[in-house]
Every structure is written in C-alpha cells, then in structure tokens.
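Subject: Handing over a structure

Hi,

Here is the structure I promised to pass on to you. Have a look first, and then read on for what was found in it.

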Amino acid sequence: MLKRVFAVLLLAGLCFQVFAQQKTTAFSATLDSTWWFNIKNKKVNKVHYSKDGYNGDSAMVLTNGEAGWNIYAGYRQGQNVKEGDMFSASVMIRGKGRAGLFVKFYDAAGKEVAGKGVTKHIYQFATAEWKPMQLKFRTPKDVVKITLAVRTIGEPGAISFSDLKIGIESGLVLKNEKITAVFDPVKGAMINSLILAENGFDFTRKDLVLEPGGLCRDIVPGHQTPGVFSKEYYTATVLEPGRRIRFSRLNPSGALSGLKLDKEFSLAPRATEIKVTASFTNTGKNPITTSYRIHNIISNANGTFSWPLNDWVQVFKYDSADPYGIYKITAAPIRAGWFARTYEKINKTLLLQFTSTEADKGYVYLTKTYNTFELYYKDFTLEPAETRKYHYSLSIIPMTGKEHYTDEYGKKQPVQKIVLKKLPKVPAQQSALPEKYRNHFPFSVRLGHYYRGVRSGGAPQGQWNRDLVFENTKAAIDNYCNAVYSWNIGVISKINKDGKNVYGELLRRLDATYSDIQHVCKKSDIEITPEFMKSVPARMKKFRDKDIRKFMENYNDRLLGIYTADEIEGQNAETMIYLHNELSKLLPKDVLPFPYLMITGEPLIPYLPIFLMDSYPMHLDVHGGRNPWAIYTTFKRLVQVAGKDKPVWFMPQGFGSSNGGYVMPNDAETKLMLNLSVAAGVKGIVYYGMMSHGWPWVFKGYDDISAFGVAGQYTSCWKAIGSVARQLGGVGTVVARSYPGPLPAGIKINTRTFNSDKFNTVKQLYRGPAVSIDALKTPEGTLLCVVNRNVYEPETAEIFFGGNKTLDVASMKIFDGGSRKFTLQPGDACYYFVGKDPAPIRDEIFRGMFIRERARYRLFLDQAVINGIKYTEADFSKYTPEQAYNQLLSEFASLRKKVDSSVLGRCLKAMEQAKLNLYPIDELFAKNLNIVVSESMRKHRHYPPHEDPEVQKSRDALYKAFFRLNYFNLAIADGKAAKIVDELEKFAAETVVINKDACEMIRKRQSAGK
C-alpha cells in the first residue's frame, strides 16, 4: 500500500506537487515566507510573477540584466524522506539564458549533508518554447529531508519557471483484493510485476541488466527498439492511491523532439482489469509522424496463444520445454481488438484488449526464459498541438476447462492451429575447430576509432589509419594482450615492404592474432528474398580484393576470424547461414566467420563455431546498478547450453557512457568480470570499448570514458586489464581446452559470506562466498580458478587440497596436498592445478608466460634499435621453459637499464609523465560533461566552441596537448628520439600546468554550481 499521497501546493502560482502523509491540501505562499532569494545585484536582477505559465498556470520569472550575475530561488519548506526513496523533480522553463534545478539534502539535525554526489542538479539553456528539466535520484544515507531550488546562471535574459514538481516514486502500485501491479517509472513507466492474489502467479518479471522484463513498455517509433521512451525517465503522479497513476515524459531532442506522452493506469475495486490511456501530444512547431508499440515481457509457462483474424481464430500451443527453432509469431490483419495468452497451470488468460481499427499487427517473440506479447499500432501523424489517445487494457480472465480464449464471434469461426516454420536444420556434425582456436585463449582488444585525426598528430587519413593500427596494436601487446581486432583489413593488407606485409610480420614477431570486423549480415536480413540475393555480391566485394586475399593467405596463421554481424538474433539464422557459406568460399581454410551477439542470439548457437557474447553489466543505479557478479551466472548457463564442443567467448565492457546509462568499470570490477568469466568456462576475451572512446568534449561520440585514452594515455584500469591478461598468458592454453566440472575429492575452501548490499545502493546483486572456487577440467587434471568476489576489500581465505598433488600457479611451486592460506585483492584471482603430475602443466604455463613477455621484450628492443641503441636479441632456444622465462626477464632488465641511460630513455620517461598527467583531465572532463559541453553544443555533430571562454581555453589547451602527445609518440616510433627529446621534456613539464589549470577550472565551476 502507498504510504504517501500527493499534496498540491500552490506557491504564488507555481504548482509544486509532492507526496505527503496528509490528504491533499492547498495554500498560498508569499515571497517572504515560502521562497528565499539570493540576488547579488538587485539593480539589474529582478523577480516577478507572470500569468502565462505552463498549461495556463502562473510562472516565476527570474531576470538577469547583465552577464555574470546569478539569481538563486530556494523553496523554504522541505519534504520529509527516508533513505532509498526514489524521487523525481522537474520544472518547466522558457525564455533566454541558462537555468538550473537543484535538490539539497539534510540530516535529522537540520544540517545540509555534504559530500560527493549528494547535491543533485541539472543545467539547461532555456528556449522560446516550454521544455522540462528533470532529475531522478534516490535518497542517500542519513538524509531525512530535501528542498528544491531554481536559479539563473550567468547569462543575460529572463527565464520563466513553472510547474515545479517533486514526487516519491518508489512503491508505486495499483492494488485491490484481486491483483497487485508494481510500477517502474525509472525505466519506461512500466509494470514491473503483475501478481494474482489467489496464487501469487506473476505474469511478468522484473527488468534487470541482463534480463528484460515488464508490461506496458512504450516503443516509439514502433519498429525501433528501444526508441525514445522505452528506457527513459517519466514523471509519476498518484491521482488516487492504489487506483490511478499517471506517468509523463516529453521527448527533448531528435526527429521526435517535442513529442509528449502521458500514460494513465487505473484499477477498480475487485477488478482484474488494468485500464491504460496513452496520450501523445505534439508540443513542437512541426508535424510529427511516428508509430507506437506496446511491449510486454510475459511468463513463458506452458499454455496457448490466440488471436482473431478475418477468417479464423489462430491458436498456437506453447511448450516451454522446447522453444528452440521457434522464435516469432506475427498476427495480421487483426479482426478484433484482443490478443490472449492462456496459462495451463493457473487456468487463467492474460488478455490484451485494444481498438482494432488502430492496430497494425500483433507479435510474439519466444525464448527459453520468457515470451513477448506485443501490439503494433499503425503509423500516425500529429500536427502541432494535436493529441492522439490510445486506450487499451490488460485483464486476467478465468478459463474453466478451456484451452484457449476467444470472443463471441470467434466461437463461430474455425480454429487455425499454427505450425511455425522452425529454424533451419542444424548442419551435420562440424569438424573440430582448427588448432589455432583449440589451443589459443585470445585476450583481444578492439583497436581505437581511426576517424579522429588528433590521434596521429594531423597526418593524412590513410597515414593516421595505419599509425593507429600499428601503435594501438603495440600498446595492446605491451599490456599482455595476445590478439586484436578492427575494421582495418583493407588498410593493413596494402602496407608491404620487400615482398612481405609489414603488419602481418609484426603479428608474427609478437605471436599475436588479428580478427577483422565485416558486418556482412544485418538485423534486417530475415528472409532470403530476391532483394536480399541482389545485395550479396556487394557484401562480399571486399574479400575479392587482391591485397586482402593475399594477406589472408600469407598470414592465415595470424588471422583468427571475421566478425560478421552485430547482435543479430534467431530470426536471422537462415540468412546468416547463407552469408557465412558464401563468405567461407572466399576465406582461407581455418579462418572462421561468426558474429558477436547479445543473449537473445542464443538460438544461433547450433549454427556457429564460436558463440561470442557481449555483456555490459555496469550501469548507473537507475539502470540496474554496477553488477559485475552477473557475468558468472550469465556465462555459466551459456557454457552449459553451448556444450563442450562449442567455445563461448566474452566481450567485456571497457567504457562508460553518460547517454546510455553505462558506467566505466573500476579496476576491481574489471578484474572481477574477467576472472568470473574464466571461472564460468569462457575460452576467449574480446574487449570492446577500451581503446575506442573518450573525447566527448571535443568530438561527439557515444561513450565518454575508456580504459585506454584515445591519445594513448594510461589508466589504472588499463593496468588492471593487463594484470588479468598476464595471468591468462600463462594459464590460457590450459583454460582453452578445459570445461567446467565438479571440484576434485578432498578440495574445499574456507571463506566468509559477502553481501554486496553493504556497499551498493542497488540491493541483492550478490550474496555468497567472498572467495569462490571453480573447477575447470582438462585431460591432465583440474585447474582451480579462485576469485575474490568482493570488489571493495581484500579477502583472506584458506583452501584445503586433501592429498592432491598441486601446482600453485602464483609461485609456480608443486606441493603435496595440505592447505594454503592466502589474501586476494578486490576482484583478483589465483590458480591452482591439481593432477597426478603437474610438472608438464608447469612447463606449459612457463612457456605461455615466456611468449607473452618475449613479445613485450621485442617491442622494447625494436624501439631501442630504431632509435640508435645497439643491442642484439638473445637466443632462448637452448633453455627449458622455466630457464627461458627467467633468462628473458634478466635480458629485459639489462636492455631497460641501457635504454634508461640513453636519449630514448629520457623520451620514454617524459612520455610516461605526460600521459599520467593528461589522462586524469580526460577522465575529469568526461565526468563533468555538463560543464565542458553545454546544452546548445550538443546539437552539433562536431562540438563548436564553448560559450564560456575560460572553458574553451582549457579545452583548447588539452586538445593541443593531445595533438602534441601523438606527434611525440609517432616520432619515437620513427626513430627520432634524439631530435625531439628537449622539446618533449619541456612538453612533459607543461602538462603539469595544463593539468592544474584544467582541474582548477572544473573546481571553480563545481563550487559555483555550474
């Protein structure tokens, strides 16, 4: 039951809506008693009220008469809250200048709670038309009261503020004796659970990071998921507790800018029908044409679908035990306005009812864990100020003794049972994977975006493409990676010298592999139509290029695969199989084509040699929270589904994005995700985003921050990734031929229970052993993967090995059973190998460690030689694996000592210092986008100069610094260390000042509330 209801406060014309424990009240307030103002220059700054507010209400007008002055208006009366409450605060603005909306927090003593992330605010430029500013947040710890304030920010002009609202949104429910519907306003204003009181059956499931759920989600446009509303914030208003709730959102930008959606839900006493009215209003100046889809994720328990067509009622009997081969049903044209899903176990039907004349088609998508139940409306156009309403409902109908639901007219119609066209026949047993896949654990990264010219110091495009591929490849290998991938096969295949390909020879010298991205298969490829067939030759054209074919043939051992598609699904199976067959005709033997997929691509597993899944579980709290623990459960199940002969690879998240809800994993979270994937049975890492992003304040891109700066700056996260890559460089070949299994007899672990709730605002993400232990079975024995699942603190545990002969991979020592007590840092892992004779595995691990360290040694050696240092590569062939590794470390140290005393050493020291100085600014700017990128700048593809000269000065300094950083980096790679050393050392000193100035600029604007 709701603990609070709305109280409407008429504040001198401003409508201020809150949840209160009292009944709805209204009162007038004056400037003296209700609002307090901070007006620094009363001669030029004024406050007055107007009668032309939003929706006919009054408005408070704050006028800045001169640039640089601010007006601050705070509402004196606060709202009592409790920790964890979800709030929404919003205000409509119009006029000229920059506006701010603030929420402040107070403790029980009335003292303002200070600290990082406590004061919430947003800034926007006002326009001639009304538009909203909106904040979403949860009440922090120790906060019992909040207040609101609005302000102008330094710009001359008058801004009108109207329709100021704040509401508690957690616990939004419709409830009576029959059913309970719990809503989620944070992600699409949908029903997050619909529970039948008599038996507790939930017709949907919660929407989580990796598991979709919810009823009545809005997809606009109807054919574009997620569209402009699906995962966005709505403002919630309780019109009648437990009976009526309204959600509202105005789309602020893009082709559908100005489209407003108001959605009202109602539930009558003792009813089992939830009625919904969705009202679309065009608040803009131009006509809007779009479409609408109601998206429902429903339980996949056994039962029957039914819907009415013109000549019959179609029925599909669903069996949750075997949905494979079945992925979609389309129902069109619909005769009447209903769409039904009957559940055998509870003998009830979930009935979607609507106006049939507005409907385009019904749609069902089936997976092993859930079904969808969707309605597409026809396209519609709204003129300015026009409103269009859709009325629909969800009902729970008893079905005594009936297999499927139908309406009265449908009882007279014949029933057509659907026999779906299944997924294509699975090909005959494929031959075993080529050796380069079976005995190789790729730890791969995607090379950075090459369209950012600053990356190469201003070289022509062809040159900067080449430079980026080579330099980022070297950076990845130097960080213990053994593989890379990119779009660049057309570029690198043409870089030849003395009859050999320069990039191919580099890969061979560094014992690294390369994969190329060529999206020959698209999400829209569903049927093999004449139009599809006409497009195939163009898709294959690149692989007929003579240089590409020569590169692929000559460096087959270095070419790991072709990534053919991005997140296709089961419905694309037939076209994918056809395109893979066509592509294979043009690829060398042992080069495999396969896509990278989401979890919804699981039905494609039988048709693929490798299942490569992208999984990005690190979100803002409102999008599900930081949940690296989800990796284990997701991949544990995937590995089981795929089976022993089908490797599963993991595409981790190496980026953070302000516009998509993603956050950058920190060091411990990064290590935990990688280590848990290995523990779950993953046999490859293909990193996305860790070299591809950044610079949102210079160029407009998707993501704001990454583990490796676009200009090559290092981060602690980059080093954390390298630490895991280094471990897997040793044990990777053992992992590659392993499969999850039970712990050997006599092995157990003593560890405490860890609960992430203590540290994480999003609850129930992980509760279990602080240190976990998983067994990966190999023909020779068992590799134990031990992981600290606490990403906040070190953990100490003890493993008992019984009488098993064991190799400790960290110390590389073999011992006879017993126990080992150890401490792992947050997210870290350690490995033990248990078997009758661990000595051969010990040699194998030393060999892997040697290969990866030799690649780094060769990179350093080649850099030294090209810069005039005389040094001959040592011969390690006469040594055992252990001796070779130890001798390599000795040689590496000797080479470093020689370089350190040279001009090159001075350059490298200065470069290291410059990178360490510059990356924190990149991260600082990314985390303060509201300061560095103004609202008006976001309308442009390439950001124009900032309105604030001081901000622009700081941006220009950093831009030039990165430009020079790349210039020096390429000069060293070209053997010009002696020519640039003095200039580079001077530049490194300058980066200290650049860093200081940038930090001071941000600090000043943070303290000023900008």
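Phenylalanine 443 has a relative accessibility of 2%, so this residue counts as buried. Please keep in mind that the model is a predicted one. Tyrosine 687 is also on the buried side, because its relative accessibility is 0%. Phenylalanine 443 and tyrosine 687 form a tilted aromatic pair, with 6.4 Å from centre to centre and 40° between the planes. The pair links distant parts of the chain: phenylalanine 443 sits in strand S36 (residues 443-446) and tyrosine 687 in strand S46 (residues 685-687), 244 residues apart. In the whole structure, a search finds 56 aromatic pairs. There is also an aromatic cluster, made up of Phe229, Tyr234, Phe280, Tyr292, Tyr377, Phe380 and Tyr390.

For some context, the protein has 1010 residues, and 58% of them count as buried. The protein contains 16 helices and 56 strands. If you take the contacts between residues at least 6 apart in sequence, 72% of these join residues at least 24 apart.

Two helix pairs may interest you. Helix H8 (residues 630-642) packs against helix H9 (residues 667-680) at an angle of about 25°, and their axes are 8 Å apart. An angle under 35 degrees counts as roughly parallel, so H8 is roughly parallel to H9. The crossing of H8 with H9 is right-handed. On the H8 side, the residues that meet H9 are Ile631, Tyr632, Phe635, Lys636 and Val639, while H9 brings Met673, Leu676, Ser677, Ala679 and Ala680. Sorted by kind, the residues of this contact are eight nonpolar, one polar and one charged.

The other pair is helix H13 (residues 903-927) with helix H16 (residues 977-1007), whose axes come within 8 Å and cross at roughly 20°. That angle makes H13 roughly parallel to H16. Here H13 passes H16 in a left-handed crossing. The contact of H13 with H16 involves 23 nonpolar, four polar and three charged residues.

Glutamine 518 lies between strand S40 (513-517) and helix H5 (530-540). With a relative accessibility of 12%, glutamine 518 counts as buried. Setting aside neighbours within four places in sequence, glutamine 518 is in contact with Trp487, Ile489, Lys542, Phe543, Ile562, Tyr563 and Thr564. The C-alpha atom of glutamine 518 is 7.2 Å from that of alanine 565, which is 47 residues away along the chain.

Finally, some notes on the backbone. Most residues other than glycine have a negative phi, and most peptide bonds are trans. The bond from valine 220 to proline 221 is cis, with omega near -5°, and the bond from threonine 225 to proline 226 is cis too, with omega near 5°. Proline 221 belongs to the loop between strand S17 (217-219) and strand S18 (235-240), and proline 226 lies in the loop between S17 and S18 as well.

Cysteine 216 has a positive phi, near 65°. This cysteine 216 is in the loop between strand S16 (190-196) and S17, and is buried, with a relative accessible area of 1%. Asparagine 347 has a positive phi too, near 55°, and its place is the loop between strand S28 (338-343) and strand S29 (348-353). At 30% relative accessibility, asparagine 347 counts as partly exposed.

Enjoy exploring it!

Best wishes

Definitions and conventions: Residues numbered from 1 in each chain as written. Predicted model: local features only at pLDDT ≥ 70, side-chain atom pairs only at ≥ 80, totals over all residues. Heavy atoms only, no water. Axes fitted to C-alpha atoms, helices over the stretch in contact; angles between N-to-C directions. Helix = DSSP H or I, 4+ residues; strand = E, 2+ residues; numbered from the N terminus. Parallel < 35°, antiparallel > 145°, perpendicular 65-115°, else oblique. Left-handed = near helix turned anticlockwise from the far one by under 90°. Contact = heavy atoms within 4.5 Å. Nonpolar A, V, L, I, M, F, W, Y, C, P; charged D, E, K, R; others polar. Phe/Tyr/Trp six-rings, centres within 6.5 Å; stacked < 30°, edge-to-face > 60°. Buried < 20%, exposed > 50% of the residue type's maximum accessible area, 1.4 Å probe, protein only.
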